[in-house]
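Subject: Two-chain model for your review

Dear colleague,

I am handing over the structure we spoke about, with the sequence and coordinates shown just below. Please look through the model first, and then read my notes beside it.

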Amino acid sequence: MVRKVCSALLMTAIICATSYASAEEDHKFRAGFGMDIGVPSGAAVSFVVHPKVDWASVSLGMTYNALALGGRVSLKLDPIAYLAPRFPIGLILDEQGGITGQGTIPGHSDLPSIGYTYLNLYGGLRFGKPNNFHWLLEAGPTYINATSGNFQATVNNNGGQGVTVGNPSVSGWIAPTFVTGFEVVW
Amino acid sequence: MINMKKQFAILFSIAALLSLVSFGCANVTVDAPDICTSQDLGVVPAAEVSTPFEPVMFEHNFDLSEAVSKVGDVADDMTATVTVLKVSGTTSLRWIDHITVEAHDNSSVPSPKMFASYQNDGTGDDFTVTLKILMNSSDLVQYLRRPLVLSFEIFATTGPSSFNRLSVDICADVQGTFNKSL
């Protein structure tokens, strides 16, 4: 599954890189899209906007983590794009906030579900020009708040003897987590 | 001379690099709320008005250990809180003067420890009394990790005017933290 997703990402990236290699670089407002995979966000498809400058961008994406669909918003700062707009490598700060719906392992609806919200404080590298096709590799700490559902099922499955349980939750920091993928803007 | 904007850009770049090489660690809190069970405690028969009431004792097993141990399996530094401990009756409980609850575990080593108490102050619900937990959190964790025996001793001046079937509800919250550095 992961290999298929990676292959799809790579193929799309190659096609986009070929198509947009000659994109004009003097647009004031740029928009595009991106695809990436990572933990905890899963696979994501995003709409990307560079609002008049290339060193700042905002993206809004839809995610899927094999359990449920979710959403993610991201604010990216790219200081190298300010210092050297044509330089094909950048250092980026990417703050991402996301949410996934409650989901269970496919085919196991009798098991407890899990859903989470998260905040990624990422730093990373950009390979490619900021106002065209580029590949991103980001990592950093994540604050996650995960909640479960139907946890009673685990107790019932183990003969819980009249015990009822609420749904446990987990919250805290995990590092490092990561995301990698590409963006194309024009 | 580097201007202010370029200085900010360089600082952002350094922060980005530091995030990228962040150390591996996890520091999370696990919270298991509302682990509950109910038990029938026993029956107190109707009493003669003129007869002094002899204290009655009920002893029952309360096993929350499976759910509590699941938290203990993944977390350290556990804390536990008993959020609900109440005795309910099929008829009024106004006749009860006070209740003491002692905890034993099923091993023979520890002596019974005071777990909770109730003192009738004339307020509250007719059919339910809520007990005050006296055991501290660290002892609670130790006791709740194993099947627990609670002894309820009920004191009164006069018994109930009618047959009274008693039951107990107990709920606990358990929290733990998980810390790991790579």
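This is a predicted model: local features need pLDDT of at least 70, side-chain atom pairs count only at pLDDT 80 or more; totals for chains, interfaces and linings use all residues.

The contact between the chains

The interface draws 36 residues from chain A and 33 residues from chain B, and the area buried between the two chains comes to about 2500 Å², with carbon and sulfur atoms giving 64% of that area. Between chain B and chain A there are 8 residue pairs in polar contact, whereas the count of salt bridges across this interface is 0. On the chain B side, the elements that give two or more residues to the contact are helix 1 (4-20), strand 1 (25-44) and helix 2 (65-74) of chain B. Strand 1 of chain B provides the largest share of that side, with 14 residues, and when the side of chain B that touches chain A is sorted by class, it holds 18 nonpolar, 8 polar and 7 charged residues.

Salt bridges

Over all chains, the search of the whole structure gives 6 salt bridges, and I describe three of them here. In chain A, Arg72(A) and Asp36(A) meet through their side chains at 2.8 Å, N to O. This pair links distant parts of the chain, with Arg72(A) in strand 4 (residues 69-77) and Asp36(A) in strand 1 (residues 30-39) of chain A, 36 residues apart. Arg72(A) counts as buried because its relative accessibility is 4%, and Asp36(A), at 11% relative accessibility, counts as buried as well.

Another salt bridge in chain A joins the side chains of Asp78(A) and Arg126(A) at 2.5 Å, N to O. Because Asp78(A) lies in the loop between strand 4 and helix 2 (79-83) of chain A while Arg126(A) lies in strand 6 (residues 113-127) of chain A, the pair ties together parts that are 48 residues apart in sequence. Both Asp78(A) and Arg126(A) are buried.

In chain B, Arg94(B) forms a salt bridge with Asp126(B), and their closest N and O atoms are 2.5 Å apart. Here both partners sit in loops of chain B, Arg94(B) between strand 3 (76-89) and strand 4 (98-105), and Asp126(B) between strand 5 (113-119) and strand 6 (128-130), so that the pair links parts of the chain 32 residues apart. Arg94(B) has a relative accessibility of 37% and therefore counts as partly exposed, and Asp126(B), at 30%, also counts as partly exposed.

Chain B contains an open sheet of 5 strands in the order 2-8-4-5-7, with antiparallel pairing. Strand 2 (56-62) and strand 7 (132-133) of chain B are the edge strands, each pairing on one side only. Within chain B, strand 4 and strand 8 (residues 148-155) pair in the antiparallel sense over 8 bridges, and His104(B) has Val149(B), in strand 8, as its bridge partner.

Strand 8 of chain B also holds Ser151(B), which counts as buried because its relative accessibility is 4%. The side chain of Ser151(B) makes a polar contact of 2.9 Å with the side chain of Glu59(B), and another of 2.9 Å with the side chain of His104(B). Leaving aside neighbours within four places in sequence, the residues in contact with Ser151(B) include Met57(B), Phe58(B), Thr100(B), Val101(B) and Glu102(B).

Ile89(A) in chain A

Finally, Ile89(A) belongs to strand 5 (residues 89-103) of chain A, and with a relative accessible area of 40% Ile89(A) is partly exposed. Apart from neighbours within four places in sequence, Ile89(A) is in contact with Ile80(A), Arg126(A), Phe127(A) and Gly128(A); Arg126(A) in this list is also the salt-bridge partner of Asp78(A).

With best regards

Conventions:
Residues are numbered from 1 along each chain as its sequence is written. Chains are lettered from A and ligands numbered from 1 in the order in which they are written. Side-chain values use heavy atoms; hydrogens and water are left out. Contact means heavy atoms within 4.5 Å. Buried area is the accessible area (1.4 Å probe) that two parts lose on being put together, summed over both. A salt bridge is a side-chain nitrogen of Lys or Arg within 4 Å of a carboxyl oxygen of Asp or Glu. A polar contact is a pair of N or O atoms within 3.5 Å; within protein, one must be able to donate a hydrogen and the other to accept it, and residues adjacent in sequence count only if both atoms are side-chain atoms. Helices (H or I, at least four residues) and strands (E, at least two) are DSSP runs, numbered from the N terminus. Ala, Val, Leu, Ile, Met, Phe, Trp, Tyr, Cys and Pro count as nonpolar, Asp, Glu, Lys and Arg as charged, and the others, Gly among them, as polar. Buried means under 20% relative accessible area, exposed over 50%, partly exposed in between (1.4 Å probe, protein chains only). Two strands pair if DSSP finds at least two bridges between them.
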